[in-house]
Amino acid sequence: MLWLIYAVGAAVFAALTTVLAKVGIRDVDSHVATLVRTGVVLVFAWVLVFIVGAQGGIGEISGGLWLLVLLSGLATGGSWLCFFRALQLGAVNKVVPIDKSSTILTMVLAFIFLAEPVGAVMLIGMGLMALGTWLMLEMENDAHTPSSKAWLFYAVAAAVFAALVAIIGRLGVAEMDATLWTALRTGVVIPLSFLMVCITGGVKKLGEISRRSGVFLVLSGVATGVSWLFFYHALAVGNASLVVPIDKLSIVLTMGFAAVFLGEKFSRRSVLGLALLTAGTLLPVVHSLV
């Protein structure tokens with residue numbers, strides 16, 4: 001049951017991450033925002049590494065494990081850059097359902113590469129998740145979404161990278177302390193984020209971040225750090241095909257926060273889709289606990 005507690009904690013803080021970031025990037029370049037948040041997560045993660053005394057494990061990391069750290073960091077950076085660009089271009093209630101569809105891809109990859117068990121209940125759950133996601137994808141424009149569909153491309157790319165992050169992470173935390181894993185992979189994301197800022201000419205924009213946006217980006221970074229720690233501790237003791245769906249249930253909280261704090265509206269179709277997505281997510285988890 002420990003994996004379930006960790007996974008629920010990851011979901012709660014992941015929801016806070018999205019909403020805080022949405023507010024923080026309203027007047028900030030998405031690449032700059034990603035760099036700032038990543039810096040906060042890096043500091044937070046290394047402080048925890050030294051608190052729990054996990055730094056001693058660095059000398060025991062093999063070459064193959066370093067490769068996993070590098071790949072995880074690159075995939076994470078790609079996911080973040082695409083996700084926050086999508087958030088900047090589109091509404092939370094449009095971007096998040098696509099991003100969370102990474103759950104289905106993660107489960108498929110877990111079956112193929114991690115040899116995790118798959119049965120009728122799991123397949124039914126995946127079907128409900130797919131149907132729920134489709135119902136939530138209302139492409140009509142509203143006051144929160146411009147006519148361009150560029151946000152859709154970035155949201156899909158973020159979902160693919162997120163699925164790879166989960167699979168690589170499951171392999172990595174099997175051999176490394178989850179806190180140390182979080183700190184090391186975040187260190188890989190930093191230069192990638194900085195490179196993107198330099199390429200897009202955003203270095204000078206770092207000094208133009210307003211105090212309000214800065215506060216929300218820092219809070220989003222802290223929430224991300226806590227969410228990651230919960231997530232990788234959950235992966236260390238549970239199957240990816242069960243941990244990831246619970247983590248992705250953050251969509252329920254995210255949509256609720258978006259409605260309350262961002263004023264976004266939801267149609268009956270979206271609500272039905274969210275209900276099916278939630279049911280599909282919980283079905284295999286409940287079945288595994290019975």
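Start by selecting Thr38, which counts as buried at 0% relative accessibility. Buried means under 20% relative accessible area, exposed over 50%, and partly exposed in between, with a 1.4 Å probe and protein chains only. Thr38 lies in helix 2, residues 30-52. Helices here are DSSP runs of H or I with at least four residues, strands are runs of E with at least two, and both are numbered from the N terminus. Now show what surrounds Thr38: not counting residues up to four places away in sequence, Thr38 touches Trp80, Thr186, Val189, Ile190 and Ser193. Contact means heavy atoms within 4.5 Å.

Before moving on, note how the model should be read. This is a predicted model, in which local features need pLDDT of at least 70 and side-chain atom pairs count only at pLDDT 80 or more, while totals for chains, interfaces and linings use all residues. Residues are numbered from 1 along each chain as its sequence is written, and side-chain values use heavy atoms, with hydrogens and water left out.

**Stop 1: Ala75 and helix 3**

Select Ala75, which lies in helix 3. Ala75 is buried, with a relative accessible area of 6%. Leaving aside neighbours within four places in sequence, Ala75 is in contact with Phe161, Leu164 and Val165.

Next, colour the whole of helix 3 (residues 63-89) together with helix 7; their axes come within 7 Å and cross at roughly 155°. Axes are lines fitted to C-alpha atoms, for helices over the stretch in contact, and angles run from 0 to 180 degrees between N-to-C directions. Helix 3 and helix 7 are therefore roughly antiparallel to each other. Angles under 35 degrees count as roughly parallel, over 145 as roughly antiparallel, 65 to 115 as roughly perpendicular, and the rest as oblique. The crossing of helix 3 and helix 7 is left-handed. A crossing is left-handed if the near helix is turned anticlockwise from the far one by less than a right angle, and right-handed if clockwise. Sorted by class, the contact of helix 3 with helix 7 has 20 nonpolar, five polar and one charged residues. Ala, Val, Leu, Ile, Met, Phe, Trp, Tyr, Cys and Pro count as nonpolar, Asp, Glu, Lys and Arg as charged, and the others, Gly among them, as polar.

**Stop 2: helix 4 against helix 7**

Helix 4 passes helix 7 in a right-handed crossing. To see the contact, select Lys94, Val95, Ile98 and Asp99 of helix 4, then Trp151, Leu152, Ala155, Val156, Ala158 and Ala159 of helix 7. These residues divide into eight nonpolar, no polar and two charged.

Still in helix 4 (residues 92-100), pick Lys100. Lys100 is buried, with a relative accessible area of 10%. Apart from neighbours within four places in sequence, Lys100 is in contact with Lys248, Ser250 and Ile251.

**Stop 3**

Select Thr106 in helix 5. Thr106 is buried, with a relative accessible area of 1%. Not counting residues up to four places away in sequence, Thr106 touches Ala163, Ala166, Ile167 and Val244.

Move to Ala115, in the loop between helix 5 and helix 6. Ala115 counts as exposed at 66% relative accessibility. Ala115 has a positive phi of about 55° although it is not a glycine. Most residues other than glycine have a negative phi.

In that loop, between helix 5 (102-113) and helix 6 (120-136), select Glu116, and then Arg170 in helix 7 (residues 150-172). A salt bridge is a side-chain nitrogen of Lys or Arg within 4 Å of a carboxyl oxygen of Asp or Glu. The structure holds one salt bridge, and the pair ties together parts that are 54 residues apart in sequence. Glu116 is buried, with a relative accessible area of 7%.

**Last stop: helix 1 and helix 9**

Finish with helix 1 (residues 2-24) and helix 9 (residues 211-237), which pack at an angle of about 160° with their axes 7 Å apart. That makes helix 1 roughly antiparallel to helix 9. Helix 1 passes helix 9 in a left-handed crossing. The residues of this contact divide into 19 nonpolar, eight polar and one charged.
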